[in-house]
Amino acid sequence: MKTVFSAGQLAHDPRHEISDGELKPAVEIPARAEIVRARILEAGMGDILAPEEFGMAPLARVHDAGYLDFLDSFWTRWTEAGRGGEAFPFVWPVRGLRADPVPDHIDGLLGRYSFDAGTPMGEETFAAARASANSALTGARLVAGGDRAAFALCRPPGHHAAADYYGGYCFLNNAAIAAQWLRDAGAARVAIFDVDYHHGNGTQAIFYDRSDVLFLSVHADPREEYPYFLGHAEETGIGAGEGFNVNYPLAPGADWGVWSAALDAGLERIARFAPDVLVVSLGLDPYEKDPISRFRLTQDDFTRLGARLARAGLPTLFVLEGGYAVDALGVNCVNTLTGFEAG
Ligand code: 6XA
Ligand code: ZN
């Protein structure tokens, strides 16, 4: 299986994030990608290709024009306001406030186009996010061109980013951009299976009213875990999309037995949908030793995950999402991908 990755994705190199009431060391860091890349080379898994440049058009198929303009102009506006370093929003247009008059001031824009204060943004963030999206798109092109599977080593990740907001370390929704590109390239139906510990709220929101892209997610119950405000079982889609959104929220502490039952239920739903291609939002944070998560998958369970996904028998694009146990990230990732190849 080929991997797609660009050194440009490392340019987003945040120092801090806001969590637990403190300014803490950032966890979504370049070392995540480097350790995965090193393990792929060590395991001899296949070539690592640089992504092609797809430009802005495939991003604009998924994201709002005003949001893309905000990401593009952010650093200029931030520095013109006399700021530097890293930006965090601190005010949001919640219930009863208005989101429609888009503010001029960068502090207002940060609130308008985000949903959390835990996602640092700096000078190189948008360039790195674009490179990450190009990796997903290049992987999609490989799969559309006949490869059985491809791995987009996406970082920064994407599944929390919606059409017009960032958060959860995500700026551009790589999996959604790839899925839409696959549709535009001729796939009639695309399934996205999100196995990250956290609900993929952005991906759900992007496809919620559509029946051509089936979204499924196995994740920690939002009553207990980030992102808290989406990811419940009763969210099944709307309008034409009714029945094409499937959430499997699980209590913290879920081990392979519990977790794989949800995985199997999702795979059955995917089989009935009969997509042309499967996109896997591959979060590695269900791992038992992940520092910010509370599921209990072992390193061997990731091999089992890959093998079960292979049984779907579909052209498959893997898109990296979360996972912060940096030392184990490479092994867990490659276990999944080689488990798929052997399956
Ligand atoms: C709050 C936790 C963000 C979760 C990021 C993640 N700072 N999403 O791993 O999949
Ligand atoms: Zn996650």
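Begin by selecting Tyr169, which is placed in the loop between β5 and α6; helices (H or I, at least four residues) and strands (E, at least two) are DSSP runs, numbered from the N terminus. The model is predicted: local features need pLDDT of at least 70, side-chain atom pairs count only at pLDDT 80 or more, and totals for chains, interfaces and linings use all residues. Residues are numbered from 1 along each chain as its sequence is written, chains are lettered from A and ligands numbered from 1 in the order in which they are written, and side-chain values use heavy atoms, with hydrogens and water left out.

Tyr169 is not a glycine, yet its phi is positive, at about 70°. Most residues other than glycine have a negative phi, and most peptide bonds are trans.

Select Pro156 next, in the loop between β5 (149-152) and α6 (174-184). The peptide bond that joins Arg155 to Pro156 is cis, with omega near 5°. Then move to Pro227, in the loop between β7 (213-220) and β8 (245-250). Here the bond from Tyr226 to Pro227 is cis, with omega near 10°.

**Ligand 1**

Display ligand 1 together with the residues that surround it: His159, His160, Gly168, Tyr169, Asp196, His198, Tyr226, Asp285 and Tyr324. A residue is near a molecule if one of its heavy atoms lies within 4 Å of it. By class, this shell holds three nonpolar, four polar and two charged residues. Ala, Val, Leu, Ile, Met, Phe, Trp, Tyr, Cys and Pro count as nonpolar, Asp, Glu, Lys and Arg as charged, and the others, Gly among them, as polar.

For His198, a polar side-chain atom lies 3.0 Å from an oxygen atom of the ligand, and for Asp285 the distance is 3.1 Å. Taken alone, ligand 1 exposes 320 Å², and the protein buries 89% of that (areas by the Shrake-Rupley method with a 1.4 Å probe).

**The largest pocket**

Ligand 1 sits in the largest pocket; that is, more than half of its atoms lie within 2 Å of the pocket's grid points. On a 1 Å grid over the protein atoms alone, a pocket is an open set of points with protein on both sides within 12 Å along at least five of seven lines, a cavity is a set where a 1.4 Å probe fits but cannot get out, and lining residues have an atom within 4 Å of a point.

The largest pocket contains about 1000 Å³ of space. Of its 40 lining residues, Phe115, Asp116, Tyr226, Pro227 and Tyr228 lie nearest its centre. Colour β2 (16-19), β3 (22-25) and α7 (201-207), each of which supplies at least two lining residues; β2 gives the most, with three.

**The cavity**

Finally, select His12, Pro14, Glu17, Ala26, Glu28, Thr119, Pro120, Tyr169 and Phe171, which line the largest cavity. About 40 Å³ of space lies within this cavity.

Definitions and conventions. Grid points are joined across faces, edges and corners, and a volume is the space filled by probe spheres set on the points. A polar contact is a pair of N or O atoms within 3.5 Å; within protein, one must be able to donate a hydrogen and the other to accept it, and residues adjacent in sequence count only if both atoms are side-chain atoms.
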